[in-house]
Amino acid sequence: MTNKGRAKVVAINTEADVIIARQEGRQLAQQLGFKAVDQARITTAISELARNVVVYGVRGSVTLRELQSPEGRTGIEIQVDDEGPGIADIDLAMGQGYSSSKGLGAGLPGTQRLMDEFEIRSAPGEGVHVTIRKWRQ
């Protein structure tokens with residue numbers, strides 16, 4: 001898999017930045033030829049992860065990239081990084097219904113279900129780093 005084209009980085013500090021990241025993600029998904037339902041899935045995933053940055057991570061960024069597989073498939077990669085306190089137990093955080101705030105606890109596992117690939121790295125004091133990918137059907 002190779003990155004194709006330049007990456008677009010959106011700094012996330014406020015709810016307004018979440019909206020910008022959603023718009024940039026939808027625009028790239030449209031340019032890459034994703035169907036409307038997949039554009040909605042991608043936009044929802046970006047919204048969930050970027051909102052986590054605002055709520056838990058203090059500040060961070062969303063990086064959007066076009067991907068090309070060795071087989072010629074086109075995809076989108078979204079990397080979300082924050083500078084927050086990190087997650088001590090990723091397995092617990094990925095459980096349906098778990099929330100460290102008063103949310104529904106559907107954000108991380110829901111995002112995983114929306115995308116084709118999902119990777120998360122975190123440790124206490126090291127922020128949270130999530131990379132998600134969706135391939136055009």
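This is a predicted model: local features need pLDDT of at least 70, side-chain atom pairs count only at pLDDT 80 or more; totals for chains, interfaces and linings use all residues.
Residues are numbered from 1 along each chain as its sequence is written, and side-chain values use heavy atoms, with hydrogens and water left out.

Helices (H or I, at least four residues) and strands (E, at least two) are DSSP runs numbered from the N terminus. Helix 1, residues 15–31, has 17 residues and reaches 25 Å from its first C-alpha to its last, close to the 24 Å expected at 1.5 Å a residue, where the expected span is 1.5 Å times one less than the number of residues. Buried in helix 1 are D17, V18, A21, G25, L28 and A29, where buried means under 20% relative accessible area, exposed over 50% and partly exposed in between, with a 1.4 Å probe and protein chains only. Because these residues cover an arc of only 110° around the axis, they lie on the same side of helix 1, the arc being that of the directions from the helix axis to the C-beta atoms. On the other side of helix 1, Q23 and Q31 are exposed.

In helix 4, residues 107–114, the buried residues are G107, L108, P109, G110 and T111; they pack against helix 2, helix 3 (90–93), strand 4 (117–122) and strand 5 (128–135), with contact meaning heavy atoms within 4.5 Å.

| Residue | Place | Phi |

Most residues other than glycine have a negative phi. V58, at 54% relative accessibility, counts as exposed.
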